[in-house]
Structure formats: C-alpha cells, structure tokens
Amino acid sequence: FAQSAPAKYDAGNEHYEQAQLPNGLSVYLAEDRRVPLVGISISYPVGKTLDPADAPGAAELMAKLLPVLGTRHLTQGANDLIGAAGFYPWQVEAMARTDETRVELLVPAAALDLALFLEAERMGFAAEGVNSPTLAWAKKQVTDAFAQRTGGERGAELSQQLLYGPQHPYGSLSAAPKLDKIDVDWARQRL
C-alpha cells in the first residue's frame, strides 16, 4: 500500500495563540474573520463530580445562576447594558459537566470589549447578585430539568453509576438534585 500524505485540517483559523496570564487564567485565541461574531468560552474546573454528597445538583445550580446574576456594578444584570448598546445577537449559556462548569458566549465582534468586561464583572462580583428569588428560580430549573431527562440521558448516568460504583465521584452523577440545604449564603460562598 502506498502511503498518502496526511490530511491537512483547516479550521479556518487565520491566527492561533495560547497564553497563561499571571493570575493563572489560560487564554486561547483562534481568529477567523469569516463570520462577524466572537465566541467566548470560560471553563471553571468544578463540575458535577465535586458536588457535596449532601447537595447533588449544586454544579448545575451554579450553572443556572451564572448567566442571570446581577453584580455590584450591574444590579439588574447585563441585559440593560447590552440592550442600550444595541449588540445583537448576544447569547449566553452555562452548563455543568462532569469535571467542569462552562460559560459560553456568542456576541457580535464589535461587542468583544463589552463581553470581556461583563465576564470579568461576573467573575469578580457575581456572588453579590445571589438573592432568594433568583436562587429559587435556579433550583426549580435544575429539578425540572432532572425530571425531564430522557431515557438515553438517564441510561448514561446509570451506566456510570454501575461502572464506577456509588463511592466513586462519577458513580453519583445520576443522583436526584437535593438542593434544599443550599441557601443564599451557601451559593455566595461558592461563587
């Protein structure tokens, strides 16, 4: 058999950089000017496997809270500022995974500076935005989502439980959320 040249993967990136900031934050930049949008992904190394034993679902709760919290400087959250600036589309989604919690944004390229400011604001001051009504809303979102999981999603979780056993961090991922012990102070301390 004749060997062919390896296939060249082209993600369309015009430029790629990786840097480690003095505060420990890793930054990856992949430039692609074909679309006038910017994707930002912030990954925190805390996920479902680190949920307290008495509070399964805590990581998912934090993921629900992050995009909607106000801060010291933005008491109503970022939506008013984004609306006033007229930057659309502006999409924010947060998700808890096994070993990480991730916040992802998709914003117009012209809004990059504002998006980075808002995420820095969220990282620094989100705890101040936790209040009882927002926490109650997020708890309901998490418990409702768990109740609506389909057979395939539940099957994968149960397979992990069988494979790893209940004592392993991955073995407890199928546990129903128990968020009644989480109050405003608890949530603020973890943000």
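Where does Thr75 lie?

**View 1. Thr75 sits in a loop of this predicted model.** The loop runs between α1 (58-65) and α2 (79-85). Helices are DSSP runs of H or I with at least four residues, strands are E runs of at least two, and both are numbered from the N terminus. Thr75 counts as exposed because its relative accessibility is 61%; the exposed class is over 50%, buried is under 20% and partly exposed is in between (1.4 Å probe, protein chains only). Glu128 is 53 residues from Thr75 in sequence. In space, their C-alpha atoms are 9.0 Å apart.

**View 2. The largest pocket has a volume of about 1200 Å³.** A pocket is an open set of points on a 1 Å grid over the protein atoms alone, where a 1.4 Å probe fits, with protein on both sides within 12 Å along at least five of seven lines; lining residues have an atom within 4 Å of a point. The volume is the space filled by probe spheres set on the points, which are joined across faces, edges and corners. There are 29 lining residues, and Val27, Tyr28, Gly39, Ile40 and Ser41 are the closest to the pocket's centre.

**View 3. Strand β3 gives the most to this pocket's lining, with 8 residues.** β2 (26-31), β3 (37-44) and α3 (112-125) each supply at least two.

**Notes.** Residues are numbered from 1 along each chain as its sequence is written. In this predicted model, local features need pLDDT of at least 70, side-chain atom pairs count only at pLDDT 80 or more, totals for chains, interfaces and linings use all residues, and side-chain values use heavy atoms, leaving out hydrogens and water. pLDDT is the predictor's confidence in each residue, from 0 to 100.
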